[in-house]
Amino acid sequence: NETIMRIELLLLLTAATLAAAAPSCSNTTGYRTDCGYVGISKSECLNKSCCWSPVSPNPDNLPWCFVPGQSPPVPPRPAPSSGKCEPDKDRVDCGYVGIQQQQCEDKGCCWSPVSPNPENEPWCFFKYTPPAVYKATDVQQSATGVTATLVVENGTDSERVRGMYGEDISPLKLAITYQSDSTVRIMITDPNNDRWQIPDSILPVPQATGQQGSLQYSVQVEESPF
């Protein structure tokens, strides 16, 4: 009857949902995260809701008992493709213990041995990229704060090189709020991309009560360079 058909349909939908949500054990030869221990048996592995798939031969020492639904880890951020190798500048490590010159240069990084090396400078390091210089434009003063737009002024987007932290963000929004006579809040944000912030319902932001003339601090915005 109609009631039985509805129950059967509900069971079919539930089974399909569980099957879709169930983690996959199809990764039999790729990246695996160990889910067992030395000597674990197939039954012990499956009782832990893990996957079991023997590997022989096993030159990469892949675990036979592994976590379901695993995917390879996100590769590290690539080194900047532009910039200059300047060994005399401050070095930022681009390698790892034991890295060789060819491996370093294959990552797009710089190689320059240091001997003696009392400061433990890395031999493999990121290319040097000059820092962005910002200037403040459209500076607006009010009784309770200052707002401005920050833009990069040293070169165009095509002229600037990509640093190891990515492209410089331009423009930026500056908001200075006199929260009280003894507290100032300074925020620099990307006006074109939202970011998560603690909701006011969890951590309310105090209303601005500070007033020019009664502040126990002073605020000055240097327009260029910011």
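Predicted model: local features only at pLDDT ≥ 70, side-chain atom pairs only at ≥ 80, totals over all residues.
1. Ser112 counts as buried because its relative accessibility is 16%, and the cut-off for buried is under 20%. You will find Ser112 in the loop between strand E3 (110-111) and strand E4 (124-125). Apart from its neighbours within four places in sequence, Ser112 makes contact with Pro87, Arg91, Trp123 and Phe125.

2. Now to the largest nonpolar core, which has 13 residues. Which of them touch the most other members? They are Leu150, Leu174, Ile176, Tyr178 and Val221. At least two residues of this core come from each of strand E5 (134-142), strand E6 (145-152) and strand E7 (172-178).

3. Ile176 deserves a look of its own. Not counting residues up to four places away in sequence, Ile176 touches Thr144, Gly145 and Val146, then Val184, Arg185 and Ile186, and also Val219 and Val221.

4. There is also a second, separate core, made up of 6 residues. Among them are Cys104, Cys109, Cys124 and Phe126.

5. Finally, is Ile169 buried, partly exposed or exposed? Ile169 is partly exposed, because its relative accessible area is 41%, which falls between the 20% and 50% cut-offs. Ile169 sits in the loop between E6 and E7. With residues up to four places away in sequence left out, Ile169 touches Tyr134, Val152 and Asp190.

Definitions and conventions
Residues numbered from 1 in each chain as written. Heavy atoms only, no water. Core = buried A, V, L, I, M, F, W, Y, C linked by side-chain atoms within 4.5 Å. Buried < 20%, exposed > 50% of the residue type's maximum accessible area, 1.4 Å probe, protein only. Helix = DSSP H or I, 4+ residues; strand = E, 2+ residues; numbered from the N terminus. Contact = heavy atoms within 4.5 Å.
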